[in-house]
Amino acid sequence: MATETLNKTMSGEEMVALSKKHTLFEWTAQSKVDPIPVARAKGIYFWTPEGKRFIDFNSQLMCVNVGHGDPRIVRAIQEQVEVLAYANPFMATEPRARLGAKLAEIAPGDIDVFFFTNGGAEANENAIKLARLASGRHKILARYRSYHGATAGSMMLTGDPRRWAAEPGMPGVVHVLDPYHGIARGWDTAEESLAMIEEVIQLEGAHTIAAFILESVTGTNGVLIPPDGYMQGVREICTKHGILMICDEVMAGFGRTGEWFAIDHWKVVPDIITMAKGLTSAYVQLGAVGMRRSISDQFKDKVFYGGLTYNSHPLACAAALASIRVYEEDKLLENARKTGVVMKELHADLARRHPSVGAARSIGLFGLIELVRDRAKKVPLAPFNGTSDEMTAFAKFLRQEGLYTFVRWNTFFTNPPLCITELEMREAFAIIDRALEITDRAVA
Ligand SMILES: Cc1ncc(COP(=O)(O)O)c(C=O)c1O
């Protein structure tokens, strides 16, 4: 394992102790927290203060898409902060103007007006606000296997168990089932799933539904790639009933799947699109809601009741412009497609050789593997919303060997930065290959 000495002011142990003492970690009981201290990062790697190197196989939180420490983005942020660090959202600035125009160029179809936020949850909050104001309707359809953010409204859109503790919350959200039903039951066809959505709309009353929000490729709930025809079908249903289609591209957008936006794979144009994460590759926090002209036109005379102190923050807009330039200059969408093929082969190879691999899914560099204790019966290696000794041991091994990724329930993710080379990819999979020997031992 590569190690190196760094000029450090605080040891990893000190960082962890002080962070645990005075700051709250998210989504976990504080006594269970065991953070990795991080001092610096470059490309697909990051290092602890003591010089232990990790392969960042999750792009941190599926967000550092271009990779760590890109000098072009660093320079753009430095140049912007020297000239204008902040201007309030009633002002027009060059980074705001240029970013709106650039996003209009790369967003699907005729989406060409944007509202900027601090991140994904706020983008979704504003998307439903826009949909309600524009449609004059109230209800929002969302899916169960989804995550849309942790603010009050986006938490209610979220279908997964992270919602439970926040209930009861904002009324008017109706959840529908996904085409995927977990590893044991598997997938519905597009037709079956669309029929279920039609039925829910009939029972709820189409005239009461403002929008249907869905992740184009579902992220934390399993890298769920919709069957062909599903997204086109959702588009048709929404159009037929005057329901606005909102695609949440917070995780799937910006090259993760090999296209600017995941919905581009199905050539569908939503009415509203939300983004964050890869928009700036997380160098500065920024989210955005994009909308078609037909929606923004409604606010020509009608007030858009929404605002944020840091809306269109110049530093964040400059970081986004620089990040988009890196995707283009380094052809990162192409690289995601190319190395995505390699990743798919490596997934298949693991599935052939490891009996604990129950399913492997990927699109571009958005990947996930589901582990099982019985392949024939497809019994997951950890229960829904739970963990197991085997999954814990698997995660511990990866960490020990210097590979960082998300291990959730019976799954783990393969979401490297899009700048990854084939060699680096194979280096990561060699570690995963050894880790799977642990989970194989649990197979009946
Ligand atoms: C699909 C999706 N939507 C929304 C969010 C929320 O974004 P944020 O954490 O920036 O508020 C996330 C975060 O992981 C996400 O994956």
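Is A165 buried or exposed? A165 is exposed, because its relative accessible area is 80%; exposed means over 50%, buried under 20% and partly exposed in between, with a 1.4 Å probe and protein chains only.

A word on the basis of these notes. This is a predicted model, in which local features need pLDDT of at least 70 and side-chain atom pairs count only at pLDDT 80 or more, while totals for chains, interfaces and linings use all residues. Residues are numbered from 1 along each chain as its sequence is written, and side-chain values use heavy atoms, with hydrogens and water left out.

1. Start with the loop that holds A165. This loop runs between α6 (152-157) and β6 (173-176); helices (H or I, at least four residues) and strands (E, at least two) are DSSP runs numbered from the N terminus. From the C-alpha atom of A165 to that of G233, 68 residues apart along the chain, the separation is 33 Å. P168 lies in the loop between α6 and β6 too, and a cis peptide bond, with omega of about 0 degrees, joins E167 to P168.

2. Next, the ligand. Its surroundings are G119, G120, A121, N124, Y147, H148, G149, E215, D248, V250, M251 and K277, where a residue counts as near if one of its heavy atoms lies within 4 Å. Helix α5 (residues 120-135) gives the most to this shell, with three residues. By type, the shell has four nonpolar, five polar and three charged residues; Ala, Val, Leu, Ile, Met, Phe, Trp, Tyr, Cys and Pro count as nonpolar, Asp, Glu, Lys and Arg as charged, and the others, Gly among them, as polar.

3. A polar backbone atom of A121 is 2.8 Å from a ligand oxygen, and a polar side-chain atom of K277 lies 3.0 Å from an oxygen atom of the ligand. A polar backbone atom of Y147 is 3.3 Å from a ligand nitrogen. The protein covers 80% of the 390 Å² of accessible area that the ligand has on its own (Shrake-Rupley method, 1.4 Å probe).

4. The criterion is NZ of Lys or CZ of Arg within 6 Å of the ring centre and within 35 degrees of the ring normal. R408 likewise lies over the face of W409, at 4.2 Å from the ring centre.

5. On to the aromatic pairs, of which the structure holds 16. Y180 and W187 make a tilted pair, because their ring centres are 4.8 Å apart and their planes at 50 degrees; rings of Phe, Tyr and Trp (its six-membered ring) pair with centres within 6.5 Å, and planes under 30 degrees apart are stacked, over 60 edge-to-face and the rest tilted. Y180 is buried at 5% relative accessible area, whereas W187 is partly exposed at 35%. F254 and F261 pair edge-to-face, at 5.2 Å centre to centre and 70 degrees between the planes. Together with W260 and Y327, F254 and F261 form one aromatic cluster.

How values were computed:
Polar contact = N/O pair within 3.5 Å; in protein donor to acceptor, adjacent residues only side chain to side chain.
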